[in-house]
Amino acid sequence: MRKGSLMAQYAFIDSQSGFESAFGDLLASQFLSVDTESSGFYTYYSEVCLIQISTESRHFLIDVLAGIDLSKLGVLFQDSSHRKIFHAATSDMTELSRQFQWQIGNLFDTYMAAKYLRLDGASLQSVVERYTGIRLEKKEQKSDWKRRPLSKAQLDYAHLDTLYLHSVMAAMKDEIEKEKLTEEFESEMQWLCRKPADAEGQSDVDDHNSTELPGWSRVSGVSKLTPDERGRFAAIYELREERAKAENIAPFRLLTNQGMTDMATNINVKSLADLRYFRMNPMFLKKDGNELIRRLAVASPVMHPALPRRRKTEADELIESKFQKLKAWREKIIANRKLEPALILSNRVLFKIAKQQPEDIDQLQNLQLMSEWKLHHYGSELLRIVN
């Protein structure tokens, strides 16, 4: 933090009575600045461990693992009368929806605002420093949030993630208004709150095959391996995934991607003693070392990481042609507005439009691919291109 800045007082909530007492303050507030801390850096299945909330005058850290009934908080989050301020809301919203089935109403995402304002940096640290002059420390960014008790350093760090969000939002709202982006931005916020769950986490790449690639083939550097090395890498990766799921531990904590690559390219790994050179998790070595040696010995060469692709039909060629025309249209918008491609329409959205070929604005709207603002301003041109 900037020298001389003071940390506001916060309340750590780890009991039902504490939550009930705090909830009255939350309910009376005009806005809620919200962040979450999850276990994903340590566990295979990510779990929300802490929810931070700041209001006009109070700041709360709620221990999600304390067995508190938080259902009233979910109702409040969805209530549109309270503005909810997040930074990079999509990841938090996805976790809250997956774990609690909570939705967010009346959202302001300072990360998205930074993107629309074309700021040099869109991280929380960057926007807080830009609008408040305070530099946040990130020492606990990779902390184990599932561990109890949480340390004071962890709580102090988590508290700062929401402390300045309202000040940042207030300044950003003025800039968005000056740029005449208010209507578009607010429409995008409404869309983020209601977009289909199956749109979350989908890759925005130009791979339009229905066949999903195996997880190991997406690891950086695998395409440079020889077929024999690739087969060994796949064997290691699959066993690592099995153990990571069984123990609910982040895969890289069993063996890093670089460790897997080093092991796959070493043909002399033939005994448990040989495995010790690759800094494996001792538990992984103990439980799966012999099975890993066996799988390495029988691994078959893999000629290419991609699965076989089906032959393209005339229909496929037509879809691809329309998709490329939609991308060319987007490039003109980007050149004029200087926004990132995904802020216009992502590749995934453009390809789905090309594939579905909606014939009118109602059919395009029913695809649930974009905000009302985008539908109104881009819809006619999109329909003209695909038809």
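Analyst: Helices α13 and α15 are oblique to each other, because angles under 35 degrees count as roughly parallel, over 145 as roughly antiparallel, 65 to 115 as roughly perpendicular and the rest as oblique, and their axes cross at roughly 135°. This is a predicted model, in which local features need pLDDT of at least 70 and side-chain atom pairs count only at pLDDT 80 or more, while totals for chains, interfaces and linings use all residues. Residues are numbered from 1 along each chain as its sequence is written, and side-chain values use heavy atoms, with hydrogens and water left out.

User: What makes α13 and α15 neighbours in contact, and which residues of α13 meet α15?

Analyst: Contact means heavy atoms within 4.5 Å, and on the α13 side I319, K322, F323, L326, K327, W329 and R330 meet N347, L350, F351, I353, A354 and K355 of α15. By class, this contact has 8 nonpolar, 1 polar and 4 charged residues, where Ala, Val, Leu, Ile, Met, Phe, Trp, Tyr, Cys and Pro count as nonpolar, Asp, Glu, Lys and Arg as charged, and the others, Gly among them, as polar. The axes of helix α13 (residues 314-337) and helix α15 (residues 347-356) come within 8 Å.

User: Why are β1 and β6 called edge strands?

Analyst: Two strands pair if DSSP finds at least two bridges between them, and β1 (11-13) and β6 (107-109) each pair on one side only. The open sheet has 6 strands in the order β1-β4-β3-β2-β5-β6, with mixed pairing.

User: Why is the aromatic pair of F108 and F185 called tilted?

Analyst: Rings of Phe, Tyr and Trp (its six-membered ring) pair if their centres lie within 6.5 Å, and planes under 30 degrees apart count as stacked, over 60 as edge-to-face and the rest as tilted. The centres of F108 and F185 are 5.0 Å apart and their planes make 55°, so the pair is tilted. This pair links distant parts of the chain, with F108 in strand β6 and F185 in helix α8, 77 residues apart.

Note on methods
Axes are lines fitted to C-alpha atoms, for helices over the stretch in contact, and angles run from 0 to 180 degrees between N-to-C directions. Helices (H or I, at least four residues) and strands (E, at least two) are DSSP runs, numbered from the N terminus.
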